[in-house]
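Open the model in your viewer and get ready to select residues by number. At each stop, ask yourself what you expect to find before you read on.

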Amino acid sequence: MARVHHEQRVGFGVEARSQWDLAPDLSFLNHGSFGAVPRVLQERATEARRAIERNPVEGVWRDGVTAIRASAEAVAGFLGADGDRTGFVSNATNGINAMLQSFPLEPGDEVLHLDQGYNAVWQSILMTARRRGIVPRKIEIPLPIDGPGDWIDAVERAITPRTKLLVLDQITSPTALVLPTRAIVEMAKSHGVETIVDGAHAPGMLDRPVADIGDPIAWTGNLHKWPCALRGTAVVVVRGDFEGRMKPTVISHHLDQSFTAEFDWQGTFDPAPWILAKEAIDFMDRFGGWGEVRRRNRDLAIEAHAMLVERLGVEPISPLDGSSLGFMATLPLPDRLQPAGGGSPLPSADPKSGPLEISVDPVQARLLEDHRIEIPVMYHGGRRFVRFSTHVYNEFAEYERLAAAIKVL
Ligand SMILES: Cc1ncc(COP(=O)(O)O)c(C=O)c1O
């Protein structure tokens, strides 16, 4: 993408942070979960919503649909996708559900998902099994990862003659690793297996993440993570031969009219977040554009990862040269902070009645309460990990404070 000139270049770190409403005493190292919306975009959302309310029928429908299409085209350009086959959804979870509902699957077909895949996506695969009789299977990926070959070999070993579909992360959630997506998609295709790519974290973190990934059947990714769009902004991209079969999770007026008609109108909703997606992407111009942002965030992640591994005396799960990292890194916590007997100390997800209870890991809670560091603690393979993020408003000293905080827990 061409480097964009911005009149007033804003510096990374503390200077950038003044563009967000993040609490002044908080170290925000979990951009990866729900993003963080810059103040100017919040203000633009208010303006856009007020403009819509001057005539809601105009704003939501007559003009709204046109604005949504223009925004989808712009987002497609940013992602390296074809605008005619790019449609908005509320989030990547929705995108994956839409694909699993649309894809032709027969009872007994195996659907593969990585053991490092996102739990909500696995639940969606389990629901597909209930509804359609498919056989869900997890692929075990041994850690540490040395390089791209580890992923390709593990996925290839898991493929059987019954395997029909692979649901593949482009960047994993608990382990924050960037996968060799194209090589895996092509290898799977050579065995007659189609791939759905879960690119939830890819927009912004990777340059044109939909271009050159081996032509998967469909792809989904969030704009409300790294591009800092208003929450509820994600897209699906579908391959040409599947365009007519790909349906939104909610069917509205325009069934079978066209992919764009079906996705651009999914019932009454607030169009402001989708209309403003392009403005979110352009927000990074003030830091020198996406190329600069990517280079700096990644360098910061690599440097902070190496420092934390050294100061905490833990084994990294990926090479220290950062070849598997984007804007996040996951590392195991020291042995004394591992859960006794392995496994998560959190309550199980067994069926129960009553409202949803949010359980926070005790280590995560102490980092927030005692040290004002917002950072996720993850479980994988019975071990406890911490995952930090790097974005334009972060600086190295925050990761040094994290190292010091973990040492005194
Ligand atoms: C790999 C992966 N897939 C899917 C999702 C779901 O994203 P959302 O909650 O926006 O639907 C996430 C969220 O972090 C993710 O990391």
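This tour goes from stop to stop through a predicted model.

**Stop 1**

**Stop 2: helix 5 beside helix 6**

Keep those two helices on screen and hide the rest. The axes of helix 5 and helix 6 are 10 Å apart, and the helices pack at an angle of about 25°. Angles under 35 degrees count as roughly parallel, so helix 5 and helix 6 are roughly parallel to each other. Their crossing is right-handed.

Next, show the side chains where the two helices meet. From helix 5, select Thr93, Ile96, Asn97 and Leu100; from helix 6, select Ala120, Val121, Ser124, Ile125 and Thr128. How many residues of this contact are nonpolar, polar and charged? The contact of helix 5 with helix 6 has 5 nonpolar residues, 4 polar ones and no charged ones.

**Stop 3**

Bring back the whole chain and look for an open sheet of 7 strands, in the order 2-8-7-6-5-3-4. The pairing in this sheet is mixed. Which strands are at the edges? They are strand 2 (86–89) and strand 4 (135–139), each of which pairs on one side only. From one strand to the next, the twist averages 20°.

Zoom in on strand 4 and its partner, strand 3 (residues 110–114). Strand 3 and strand 4 run parallel and are joined by 5 bridges. To see one bridge pair, select valine 111 together with proline 136 of strand 4.

Helix 4 (residues 56–79) touches strand 2, strand 7 (218–222) and strand 8 (234–238), and its direction makes about 110° with that of strand 2.

**Stop 3: two single residues**

From strand 4, step into the loop between strand 4 and helix 7 (148–158), where proline 144 has its place. Is the peptide bond from leucine 143 to proline 144 cis or trans? It is cis, with omega near 0°.

Then go to the loop between strand 6 and strand 7 and select aspartate 212. Phi of aspartate 212 is near 65°, a positive value in a residue other than glycine.

**Stop 5**

Select helix 7 and helix 8 (residues 181–190), which pack at an angle of about 25° with their axes 10 Å apart. That makes helix 7 roughly parallel to helix 8. The two cross in a right-handed sense. Helix 7 brings Pro148, Trp151, Ile152, Val155 and Glu156 to the contact, while helix 8 brings Ala183, Ile184, Met187 and Ala188. By type, the contact of helix 7 with helix 8 has 8 nonpolar residues, no polar ones and 1 charged one.

Move on to helix 3 (residues 39–54) and helix 4, whose axes come within 4 Å and cross at roughly 105°. Helix 3 and helix 4 are therefore roughly perpendicular to each other. Here Ala51, Ile52 and Glu53 of helix 3 meet Pro56, Gly59 and Val60 of helix 4.

**Stop 6**

For the last stop, find the open sheet of 3 strands, which has the order 9-12-11 and antiparallel pairing. Strand 9 (328–332) and strand 11 (377–380) each have a single partner strand, so one side of each is left without a neighbour in the sheet. The twist averages 35° from one strand to the next.

Strand 9 pairs with strand 12 (residues 383–389) over 5 bridges. Select alanine 329 and you will see phenylalanine 388 of strand 12 opposite. Finally, show helix 12 (residues 290–312), which packs on the sheet and touches strand 9 and strand 12.

Note on methods: Residues are numbered from 1 along each chain as its sequence is written. This is a predicted model: local features need pLDDT of at least 70, side-chain atom pairs count only at pLDDT 80 or more; totals for chains, interfaces and linings use all residues. Axes are lines fitted to C-alpha atoms, for helices over the stretch in contact, and angles run from 0 to 180 degrees between N-to-C directions. Angles under 35 degrees count as roughly parallel, over 145 as roughly antiparallel, 65 to 115 as roughly perpendicular and the rest as oblique. A crossing is left-handed if the near helix is turned anticlockwise from the far one by less than a right angle, and right-handed if clockwise. Two residues are in contact if their C-beta atoms, placed from the backbone, lie within 7 Å. Ala, Val, Leu, Ile, Met, Phe, Trp, Tyr, Cys and Pro count as nonpolar, Asp, Glu, Lys and Arg as charged, and the others, Gly among them, as polar. Two strands pair if DSSP finds at least two bridges between them.
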